[in-house]
Amino acid sequence: MERENELLNHLDRLHTTELGVERIQRNLSLNAEDVLVWCKERIQSPEATFTRRGKNWYVRVDGHCITINANSYTIITAHKEKEVRLNPNVSAYDVLSNYYGDYNEDGRLRSRHGMVEYLTTMRYIEKYLKPGMRIIEIGAGTGRYSHTLAGMGIRVDAVELVEHNIEVFKQHITEGEPVTITQGNALDLEGFESGSYDMTLLLGPMYHLFTEQEQKQALTEALRVTKVGGIVYVAYCNNDATIIQFAFQKGMIRDAHYKELIDRETFKCTSYPEDLFQLYRKEDIDRLMEGFSVERLHYLGTDMATNFIRETIDAMDDELFELYLRYHFSICERQDMVGATHHILDVFRKLKSH
């Protein structure tokens, strides 16, 4: 009760951010005129229960869970209770499962602005695609790439951690499609033989690995299952596009939760599992790749300026969008431009077994 009073005694300090409002509205399909007032009313409800874990408060009421930073009193997000496990030892898997259970990743890649990332990635996959290849996609999500490649007659083995994504993946499997889906972890591909695949896609796991040891382990496993001479594709989230868009454009640089995660000299971000996404710069990626016997083939931005002007992209007619794609493809590997992208793709060839 003492801890409960600590939060209730500071109701006047409760606030949220533009990003917090977006999260809550999306997660709860909420149409409330004032999201902050909606949250405060539920926090004050006699039925509300309070849990303090680490730096956050978790308030459960009316089938919802509201997350509040205990230091800044920032309402970070809210979820439907069934999608949140209030376990003192909540794992990174729980965080990912909650997020992807709510998020339409397949729909994102099918939106006009999301298509830029998808079409760019496919363009570089097709540069090295040959009939008869075997492909493994590690962290396949809902299967946007796996199903496309399998539809081209390529044999694909997909690995995915999150059960919700696997369910959606299976719903998209068509009769006779040469694709399999296995629940598994990018850090341990036990059951997949070394040197089995001509092409390996690691297009999601590096977003959600928060230690260098885990990041290197995921790269090691991806290379292990790849044949010598095979091609590996690894995707990363870019640090500086996030700084520009979220820290400054959306004002998160002043939010206490994010303020402590951003170095004010280098503007390098620190991330934890509850922040969902790990952010990288090229020097981080180069350091991770040290010691691996590989030849880099391409280092590019898969969306470049697209996420900064997504409303403009979505409003384009077909002719203008095709012209934009031509421009995008002309700059996506330019060294003076790649740092502006939100998503990075590193493409390399395995030279020898490790």
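Here are some friendly notes on a predicted model, point by point.

1. **Ground rules.** Residues are numbered from 1 along each chain as its sequence is written. Because this is a predicted model, local features need pLDDT of at least 70 and side-chain atom pairs count only at pLDDT 80 or more, while totals for chains, interfaces and linings use all residues; side-chain values use heavy atoms, with hydrogens and water left out.

2. **Helix H6.** Start with H6, residues 112-126. Helices (H or I, at least four residues) and strands (E, at least two) are DSSP runs, numbered from the N terminus. H6 has 15 residues and reaches 21 Å from its first C-alpha to its last, close to the 21 Å expected at 1.5 Å a residue; the expected span is 1.5 Å times one less than the number of residues. Eleven of the 15 residues are buried, so H6 is largely enclosed by the rest of the structure. Buried means under 20% relative accessible area, exposed over 50%, and partly exposed in between (1.4 Å probe, protein chains only). Among the buried ones are His113, Glu117 and Tyr118.

3. **A charge over a ring.** To count, NZ of Lys or CZ of Arg must be within 6 Å of the ring centre and within 35 degrees of the ring normal. Lys282 likewise lies over the face of Tyr299, at 5.3 Å from the ring centre.

4. **Cysteines.** How many disulfides does the structure hold? It holds zero, where a disulfide is a pair of cysteine sulfur atoms within 2.5 Å. For Cys237, the nearest cysteine sulfur is that of Cys269, 11 Å away. Cys237 counts as buried at 7% relative accessibility, and Cys269 counts as buried at 10%.

5. **Aromatic pairs.** The whole structure has four aromatic pairs. Rings of Phe, Tyr and Trp (its six-membered ring) pair if their centres lie within 6.5 Å; planes under 30 degrees apart count as stacked, over 60 as edge-to-face and the rest as tilted. Tyr207 and Phe277 form a tilted pair, 6.4 Å centre to centre with 55 degrees between the planes. This pair links distant parts of the chain, 70 residues apart. Tyr207 is buried at 7%, whereas Phe277 is partly exposed at 25%. Phe248 and Phe267 have ring centres 6.2 Å apart and planes at 45 degrees, so they are tilted too.

6. **Helix H10.** Phe248 lies in helix H10 and is partly exposed, at 47%. The buried residues of H10 include Ala241 and Ile243. H10's buried residues pack against strands E9 (226-238) and E10 (279-280), with contact meaning heavy atoms within 4.5 Å.
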